[in-house]
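Biologist: Could we go through the helix packing and the ligand site together? Please show me the structure before we start.

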Amino acid sequence: MQTRVVVITGASTGIGAATAELFGRKGWAVVLAARSQDKLQKLVTEMTAAGSKALAVPTDVTVKSDIENLVQKTVAEFGRIDVLVNNAGVGISGTLETVDLEKLEYVFALNVFAPLALLQAVVPVMKAQGDGVIVNVSSIDEALPAVYTAGYGATKAALGYLSNSAAIELAAYGIDVIKVLPGNTESEFEHNKLPAGQSMSKDAILAKVGLFKPVESEAAAQSIWDAVMKRRLQTYVTAQDELLCKALRLSPVASVKLSKMVMRRYMSPDNTPAQASVQQDLAKFGSILAGLGVLLCGGLGWLVFRRLSGNGRHCA
Ligand SMILES: NC(=O)c1ccc[n+]([C@@H]2O[C@H](COP(=O)([O-])OP(=O)(O)OC[C@H]3O[C@@H](n4cnc5c(N)ncnc54)[C@H](OP(=O)(O)O)[C@@H]3O)[C@@H](O)[C@H]2O)c1
């Protein structure tokens with residue numbers, strides 16, 4: 001059988017690097033694209049030593065000629081492109097009131113226009129094959145009315161919209177366009193996030209509302225693999241991410257109202273002390289539940305006792 005070929009952008013670190021290694025282990029030919037030539041080369045050397053087929057193509061995905069070069073080199077080396085993983089991306093912090101618009105424009109160029117340009121570059125190859133999968137790595141932020149990083153969420157919401165529309169437009173050619181929505185994942189993402197306005201650090205936000213522990217990049221890579229194998233339109237990495245996004249999508253109005261409440265209660269702006277923390281509230285909620293449990297058990301015990309003693313009287 002012909003070796004299948006995957007092109008992965010943002011493959012020098014994090015989710016992209018983990019995805020490259022996973023596809024390599026599964027016997028695919030892997031083309032790794034990112035700007036950091038040294039990191040790509042190191043990965044390719046390791047993957048090749050482990051018996052995988054891998055090619056590094058230094059690429060800035062915001063540069064049109066780099067995208068053309070990536071597709072040409074892949075086809076010249078391997079003759080086809082079965083899967084494109086549009087993974088390269090960057091975060092940006094800053095309230096909407098303060099966010100630097102030039103930096104936000106760049107994040108739109110990288111997170112939205114680059115995946116679209118890559119889609120346009122690989123579609124002719126996939127159409128000629130009559131088959132292909134394009135994976136857009138979005139984020140659970142596309143469904144959340146996030147604060148302090150709303151510019152980033154807006155890029156992922158735009159990417160999600162384009163992804164779904166492309167899925168419809170390209171279905172007739174045997175091309176599936178699917179998306180994977182990671183949540184909090186261990187990678188270089190926080191380190192690379194562009195500071196672009198007034199914000200809170202992710203650690204500070206998570207200390208107040210963080211319930212979900214980050215997952216390893218390998219978990220996101222596994223979800224990308226599963227999504228490709230099943231050609232699933234939309235894939236979450238964890239069940240809790242899926243539950244949260246589905247619940248919030250049930251009513252966008254309710255989700256904004258809930259987020260306002262969360263902001264007021266847990267994340268007061270300008271670093272004024274918040275009313276409470278999620279952990280404190282959960283502890284209170286737990287105590288109330290435990291109290292109710294004790295009352296319920298006591299009530300049940302009393303009913304059973306009454307019944308047994310009543311039965312005793314009838315027998316007498
Ligand atoms: N980590 C999370 O919590 C999380 C959650 C949801 C979604 N995501 C999404 O997952 C994807 C991967 O992020 P990650 O967490 O693995 O972060 P990461 O470790 O920072 O990886 C980002 C990758 O994108 C590449 N990149 C950045 N600018 C580029 C450009 N102009 N051209 C080509 N490549 C570029 C980087 O490589 P170079 O610097 O070498 O170019 C790097 O390989 C992103 O789309 C991100 O939005 C991440």
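Biologist: What should I know about the model and the numbering?

Modeller: The model is predicted: local features need pLDDT of at least 70 and side-chain atom pairs count only at pLDDT 80 or more, while totals for chains, interfaces and linings use all residues. Residues are numbered from 1 along each chain as its sequence is written.

Biologist: Which classes of residue make up the contact of α1 with α8?

Modeller: The contact of α1 with α8 has seven nonpolar, four polar and one charged residues. Here Ala, Val, Leu, Ile, Met, Phe, Trp, Tyr, Cys and Pro count as nonpolar, Asp, Glu, Lys and Arg as charged, and the others, Gly among them, as polar.

Biologist: At what angle do α1 and α8 cross?

Modeller: The axes of α1 and α8 (residues 217-230) cross at roughly 55° and come within 8 Å. Axes are lines fitted to C-alpha atoms, for helices over the stretch in contact, and angles run from 0 to 180 degrees between N-to-C directions. The two helices are therefore oblique to each other; angles under 35 degrees count as roughly parallel, over 145 as roughly antiparallel, 65 to 115 as roughly perpendicular and the rest as oblique.

Biologist: Turning to the ligand, which residues are closest?

Modeller: The closest are G10, G14, R35, S36 and G89, among 30 residues that surround the ligand. A residue counts as near if its C-beta atom, placed from the backbone, lies within 6 Å.

Biologist: Which helix gives the most to that shell?

Modeller: α1 does, with three residues. Both α1 (14-25) and α6 (189-192) supply at least two residues each. By class, the shell has ten nonpolar, 16 polar and four charged residues.

Biologist: How do α4 and α5 pack?

Modeller: The axes of α4 and α5 (residues 150-170) cross at roughly 15° and come within 8 Å, and the helices are therefore roughly parallel to each other. Among the α4 residues in this contact are L104, F108 and L119, while the α5 side includes Y152, L159 and L170. The contact of α4 with α5 has 14 nonpolar, three polar and one charged residues.

Biologist: And what about α3 with α4?

Modeller: α3 (residues 64-78) and α4 (residues 101-129) pack at about 30°, with axes 10 Å apart. K64, I67, E68, V71 and V75 in α3 meet A117, L118, A121, V122 and V125 in α4. This contact divides into eight nonpolar, no polar and two charged residues.

How values were computed
Helices (H or I, at least four residues) and strands (E, at least two) are DSSP runs, numbered from the N terminus. Two residues are in contact if their C-beta atoms, placed from the backbone, lie within 7 Å.
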